[in-house]
Number of protein chains: 2
Amino acid sequence: MEYSNSSNTEQPQTCLEITMEVHRVVPPPHQSTIHKLKTTLKETFFPDDPLRQFKGQPTGKKWILAAQYIFPILQWGPHYSLSLFKSDIVAGLTIASLAIPQGISYAKLANLPPIVGLSCLFHTGLDSSFVPPLVYAVLGSSRDLAVGPVSIASLILGSMLRQEVSPVSDPVLFLQLAFTTTFFAGLFQASLGFLRLGFIVDFLSKATLIGFMAGAAIIVSLQQLKSLLGITHFTTKMGLVPVLSSVFHNTKEWSWQTILMGFCFLVFLLVARHVSMKRPKLFWVSAGAPLVSVILSTLLVFAFKAQHHGISIIGILQEGLNPPSWNMLQFRGSHLGLSIKTGIVTGIISLTEGIAVGRTFAALKNYKVDGNKEMMAIGLMNMVGSSTSCYITTGAFSRSAVNHNAGAKSAVSNIVMSITVMVTLLFLMPLFQYTPNVVLGAIIVSAVVGLIDIPAACQIWKIDKFDFIVMLCAFFGVIFISVQDGLAMAVGMSIFKILQQITRPKTVMLGNIPGTDIFRDLHHYKESMKIPGFLILSIEAPINFANSTYLNERILRWIEEYEAEDHKKQSNLQFVVLVMSAVSTIDTSGVSIFKELKKTVEKKGAELVLVNPLGEVMEKLQKSDEAGDFMRPDCLFLTVGEAVATLTATIKSQVSNHVV
Amino acid sequence: MEYSNSSNTEQPQTCLEITMEVHRVVPPPHQSTIHKLKTTLKETFFPDDPLRQFKGQPTGKKWILAAQYIFPILQWGPHYSLSLFKSDIVAGLTIASLAIPQGISYAKLANLPPIVGLSCLFHTGLDSSFVPPLVYAVLGSSRDLAVGPVSIASLILGSMLRQEVSPVSDPVLFLQLAFTTTFFAGLFQASLGFLRLGFIVDFLSKATLIGFMAGAAIIVSLQQLKSLLGITHFTTKMGLVPVLSSVFHNTKEWSWQTILMGFCFLVFLLVARHVSMKRPKLFWVSAGAPLVSVILSTLLVFAFKAQHHGISIIGILQEGLNPPSWNMLQFRGSHLGLSIKTGIVTGIISLTEGIAVGRTFAALKNYKVDGNKEMMAIGLMNMVGSSTSCYITTGAFSRSAVNHNAGAKSAVSNIVMSITVMVTLLFLMPLFQYTPNVVLGAIIVSAVVGLIDIPAACQIWKIDKFDFIVMLCAFFGVIFISVQDGLAMAVGMSIFKILQQITRPKTVMLGNIPGTDIFRDLHHYKESMKIPGFLILSIEAPINFANSTYLNERILRWIEEYEAEDHKKQSNLQFVVLVMSAVSTIDTSGVSIFKELKKTVEKKGAELVLVNPLGEVMEKLQKSDEAGDFMRPDCLFLTVGEAVATLTATIKSQVSNHVV
């Protein structure tokens, strides 16, 4: 097909030929409002269609499926075998060896310190590695997730609560608030899952998370300077500036013994991490390194009585299982607001980490994790945890990776880990008495260093500059302002970007690729050519109240620009063709601009032609258009090619009739 | 072209034929980041390209254009002629006859009552009809806009200020706050215009405005029951419930004389309005009716001494021009927050009305109104007004319609109106002494009744049910809760809807329309057919962090559904074709799902094929894709038709090679 005006012979025949090719745009099949509403609600809240498996099953089977849906353990439990158990036992012991030192370290991070006289002591960290995995093993749908306390959530919990309560001067209240926060975090997480609002975590974009993680890693590492340098008078603030000034104003407190020991173990841990990263089969090197460090450093301290030579140690720890803590939950009083706020922030953050980790490993092993169900599992786990002396837990990336590499086959590895931790709590606690704090600091630093993902940052810079700015915003916000403000800023900017894209949708002028009936962006496809007399615009976004005014004005500007250019070429604008293939939805404000546009275009002596309006748009245009102006077959085409061919033929036949 | 597998002969030839037709997808021309940023900023803040006219002009001409840009009066002033002036004088006198009674009535609505001893007295309403039009005449770009106080903004101003300050017990403070609010409203409006943030008013969708206007009209009318029934002890609240209970608890105060008079004049005004609506040429009937009512009722009261028979009158009014009021602006004190809040709400509302009115008449006469410039003009007008005893003003719909119908040619009609009002202020004020309040009430009711647009509401119900809900929300929110909360609820719901659409974009399965190479929605075009072995999905929205997870899962569900169906048919899924024509933008989270999808699809033994990625998407995919997986010519096509044809041919040739 050729659209130039040059070949001016044989009009009637061409016209006939083309008319035969034209396909009618039909209105979409009718759907009732209820049906549409149902579809929208289903896609919003049940995008994974969880009830699909129930369809067409007998009632008994349905009950079994429902029970399996709620307790995934019923799904894999019956098929569980000895060989699977062997794999799980290895994986469980491996993650326990990682969980014990990490549990102690992260509790430190959350400012839940070893305070003598308190019945829970240091437990909270280890407890969090003990009860929640049992709950998750029953409810969770991921086979690889190793749950337990994680660095970021521990950090946020500690820093947010410390704004109002000091963990040193009021340790009981601090612990109460930590448990209350954990309860609210769990409640929030479970509610999100139950109300099918899981998509809220999607608002933390990849760029936000990378920036946030890196910032948090630096904040966490800076906090460890206290143990790594052996400083006793350290700031309680989290920001970069107060921490560094605290470090350099207390140079007299630096202890060379501590620094030496910290440096050696940090190097050991980082090398172990590096080895495991290069060779995934050597996963046990990095998995065992923290426990080896703890044992080695404890023996060293014990042998050389280093606690008398400037190396601070954990001190006396009480044995025994975690006591019930439901009597410590505080649902009234002046700190309730703080608990709820901290609960929501830590809840969202730990949910994001848990779900991201679950999805990553599910994708690796080609099974599926139901986001909303995971939320409920993680939420219930935290609610149970909050009444058994546990603080907030979730699926931890490093531990899940070790679990996966160690060959875990099911959540049983979590149970094995729980039992190992329980045994430790019951019998081995006094052994940790001489563990130096500096080693715990080194363990934390080596764990969070992996959160700084520089290649991903470079990739973001390469792909999307705005995302990079969002990332920087999260990063510097966390470092210089606060963890929660940095996060809020980054999320705000991401949403602003989306709103900007909505209020200013793209419109693109199309041209014909010669020798075809394909029409593409004139600017992108340099070989494409304008058709004389036609202005072909593609609207590349849904139309709604926020952009209808802009679109109206922008299209008028296109027309004016076309006319200004036209003036030189002496060819008149005859058709404004709007390609609607990308307009997936429209609202009443959007519908009304077409009427206005039609009027304006007709005043200029041209005609407005719509091409390929999609189902919903078509329907709404039809309803708003009582006169049938838009539905006239000479204003509505299925493809640009057909529109141009038909309309060109019409002009030609008009011209020839005129001549005749 | 036929895509069925039935015709299995002559493969090599077909293959050759088809290969010749395939068009390469090329990367878009390179643009630097700075250039892209510039384009985005320009489209966001300067969508109307205001500097276009300056291009290629000599420096002198540029200065003139700039001056004309700032003061549009310089544009039309030099061409102003006597014949134009004649038209403007008629229009000006007509709107003055409407402005005087409306000015007095609206000041009542804003609780700026005739308080003896205050130097401004009743002026504020009339003053607002006098100074601001002069400012607008110099700065404004609309030729038809008649500015002055409007009912909605008056109502909001009065009701919001009354929450903290009583206009009866503390009239001076109330007046000070009214002027301060006007100042902040003007400042806010001018800043929005200056910062090119005019698109903020676009967030008030048509549905929101219709619901809001109707609700406000009812609230305003209910308030008039006080004057219409002659009640003296009336509630100070705005809601439907307190007003009605106040009306029916004070039935003893109802005065039959007032009710009779009110009823007669209300019927007269409504009939006049109806006549003018049916025949636009009789515009003067409704334009003159309020003044006629005021004169007639004043004469009646004066003749029958009706003020002694239960009809309340305005009372003694002081003559003279409006005194400067800049000394009454309060920039400190406990009510500053209230002033700013009220200023922002009334500022946005009056801006929306002013700009909507300006745009409506500009579209009628085919000229253009620059939204951001209008905002600056309206804002400056209010800032000047606040220091000359005027409260908030904007372009009023009813008055502008009368202005337009009366044949106004330029902003001179505003000046004529101003002078008329000034003369009234100077010499005719005592004449209004006997004007009964009931007539002012009737004028307000007859004016706001037109704001209830039932046909538009029906239209919205027909086109978009969700918009209808938003409208109801605004309507009932305004009636039962408060003006500003009703508005906020409706705006919140509108934005929620957009975010819902973003997080849950549509994906549609396409089929081939037989006998063509057109592919359309299988559900919409019933004649379209699936191609065996192909799953063709069209993604109908930009991809970003908020929807990438959903899209990934949704596409996997499509694949699973296809496979489940396939199982019955015994034909394998070989290609997943993603049509990207509607994906106008993408971010880093969006880019990463394609890699995941590719992996998953390949695990299922199929291949992922992209069709027509647009410029930006193409570029980002290319950058993220170091291995060149997506850019391979057998995975990337310009049209679905070409993709299907080429890939079918490849399979056939493979099969035939295999057989050979």
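The axis of a helix is here a line fitted to its C-alpha atoms over the stretch in contact, and the angle between two axes, taken between N-to-C directions, runs from 0 to 180 degrees. Two packed helices are described by this angle and by the distance between the axes. The model considered here is predicted.

The axes of helix 5 (residues 82–109) and helix 16 (residues 397–405) of chain B come within 8 Å, and they cross at roughly 155 degrees. Because angles over 145 degrees count as roughly antiparallel, helix 5 and helix 16 of chain B are roughly antiparallel to each other. Their crossing is right-handed. On the side of helix 5 of chain B, the contact is made by B:Ala91, B:Thr94, B:Ile95, B:Leu98 and B:Ala99, which meet B:Arg399, B:Val402 and B:Asn403 in helix 16 of chain B. Of the residues in this contact, five are nonpolar, two are polar and one is charged.

The two chains also touch one another. In this contact, 67 residues of chain A face 67 residues of chain B. Several helices of chain A give two or more residues to its side, among them helix 2 (33–45), helix 10 (206–229) and helix 22 (545–569). Helix 22 of chain A supplies the largest share, seven residues. The side of chain A that touches chain B divides into 23 nonpolar, 23 polar and 21 charged residues.

For chain A, an unreviewed UniProt entry annotates "transmembrane region" over several spans, including residues 173–195 and 207–225. In the model, residues 173–195 of chain A are 96% helix, with end C-alpha atoms 32 Å apart. Residues 207–225 of chain A are 100% helix, and their end C-alpha atoms are 28 Å apart.

Terms used:
Residues are numbered from 1 along each chain as its sequence is written. Chains are lettered from A and ligands numbered from 1 in the order in which they are written. This is a predicted model: local features need pLDDT of at least 70, side-chain atom pairs count only at pLDDT 80 or more; totals for chains, interfaces and linings use all residues. Helices (H or I, at least four residues) and strands (E, at least two) are DSSP runs, numbered from the N terminus. Angles under 35 degrees count as roughly parallel, over 145 as roughly antiparallel, 65 to 115 as roughly perpendicular and the rest as oblique. A crossing is left-handed if the near helix is turned anticlockwise from the far one by less than a right angle, and right-handed if clockwise. Two residues are in contact if their C-beta atoms, placed from the backbone, lie within 7 Å. Ala, Val, Leu, Ile, Met, Phe, Trp, Tyr, Cys and Pro count as nonpolar, Asp, Glu, Lys and Arg as charged, and the others, Gly among them, as polar. UniProt positions are given in the numbering used here, feature names are shortened, and annotations may be inferred rather than shown by experiment.
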